[in-house]
Amino acid sequence: MITMSAVAAAWGVAKSNGAGKDAQPGVSGEAVVTALGNRAIEKDASKVVVWLVPLDAVQPVSATVQHPHYRLVQHNKRFEPGLLVVPVGSVVDFPNADPWFHNVFSLYRGKRFDLGLYQAGAQRSVRFDRIGPSYLFCNIHPEMTGVVLAVDSELFATTDKSGHYSIAGVAPGKYILHVWYENATPESLQALQRQVTIESANQILPPVSVKATKPALAEHKNKYGQDYDPETLKTDY
């Protein structure tokens with residue numbers, strides 16, 4: 001008999017390519033997160049995404065370019081990872097590694113889709129051909145929230161808890177530095193964009209200061225725009 005723990009092990013732990021790049025030497029930097037309206041610095045500065053879009057001869061990533069599949073697992077009523085960064089045009093697989101049904105959907109900004117109800121061990125996929133964040137939910141389990149961020153570059157990284165990041169494989173040249181953080185306003189993130197010139201592989205980029213607001217995924221409706229049924233929340237699935 002195949003157990004659900006075996007299914008979960010088979011799917012493995014989903015990771016963004018950006019996380020792999022963080023482990024290699026490269027252009028690095030630091031981000032700090034402050035609460036909006038004061039100067040208090042948050043202790044956890046993780047999940048700030050930084051990416052570089054080249055201005056020189058190299059062209060930005062196109063939504064029509066083929067990329068390897070990414071994977072975002074549904075496990076223990078969670079999306080793993082909770083934040084997945086991919087180049088625009090990438091396909092993300094959504095395997096169900098739980099012993100119950102899930103229904104992944106995204107109807108707010110970004111890529112709009114509804115994968116419908118599917119069982120343990122099954123998998124469905126979505127091509128993220130629109131730049132920006134797609135907020136993920138499950139129509140059965142309201143506690144399940146996540147984000148797929150599609151960026152117009154293959155040069156990206158996500159900060160660790162201390163705010164550090166590193167982007168490998170950056171060639172010398174001029175780039176536009178972009179920043180994204182779930183709990184920040186689009187206007188404040190737009191203001192953080194800047195041009196940078198990369199001269200060496202180990203260059204340190206200017207620090208980034210992100211102002212946090214309330215969590216973007218704190219409250220949400222089901223895929224029909226209604227509150228989740230309290231009776232379904234009492235079930236064991």
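Leaving out residues up to four places away in sequence, Ser134 touches Ser106, Gly110, Lys111, Phe128, Gly146, Val147 and Val148, where contact means heavy atoms within 4.5 Å. Ser134 belongs to strand β11, which covers residues 132–138; helices (H or I, at least four residues) and strands (E, at least two) are DSSP runs numbered from the N terminus. The model is a predicted one, in which local features need pLDDT of at least 70 and side-chain atom pairs count only at pLDDT 80 or more, while totals for chains, interfaces and linings use all residues. Residues are numbered from 1 along each chain as its sequence is written, and side-chain values use heavy atoms, with hydrogens and water left out.

With a relative accessible area of 0%, Ser134 is buried. Here buried means under 20% relative accessible area, exposed over 50% and partly exposed in between, with a 1.4 Å probe and protein chains only. The side chain of Ser134 also reaches the backbone nitrogen of Lys111 at 2.8 Å. This is a polar contact, that is, a pair of N or O atoms within 3.5 Å; within protein, one must be able to donate a hydrogen and the other to accept it, and residues adjacent in sequence count only if both atoms are side-chain atoms.

Ser90 counts as buried because its relative accessibility is 0%. Its side chain reaches the backbone oxygen of Pro87 at 2.6 Å. Neighbours within four places in sequence aside, Ser90 is in contact with His67, Tyr70, Val126, Arg127 and Phe128. Ser90 and Val151 are 61 residues apart in sequence, and their C-alpha atoms are 9.9 Å apart in space.

Aromatic rings come next. The structure holds 4 aromatic pairs; rings of Phe, Tyr and Trp (its six-membered ring) pair if their centres lie within 6.5 Å, and planes under 30 degrees apart count as stacked, over 60 as edge-to-face and the rest as tilted. Phe105 and Phe137 form a tilted pair, because their ring centres are 5.7 Å apart and their planes stand at 40 degrees. Phe105 lies in strand β8 (residues 104–106) and Phe137 in strand β11, so this pair ties together parts that are 32 residues apart in sequence. Both Phe105 and Phe137 are buried.

The pair of Phe113 and Phe128 is edge-to-face, at 5.8 Å centre to centre and 90 degrees between the planes. Since Phe113 lies in strand β9 (residues 113–114) and Phe128 in strand β10 (residues 123–128), the pair ties together parts that are 15 residues apart in sequence. Phe113 is buried with a relative accessible area of 9%, and Phe128 counts as buried at 0% relative accessibility. Ring pairs link Phe94, Phe113 and Phe128 into a cluster.

What of the chain as a whole? It has 3 helices and 17 strands. Buried residues make up 47% of its 237 residues. Among contacts in the chain with a separation of 6 or more, 67% come from residues 24 or more positions apart.
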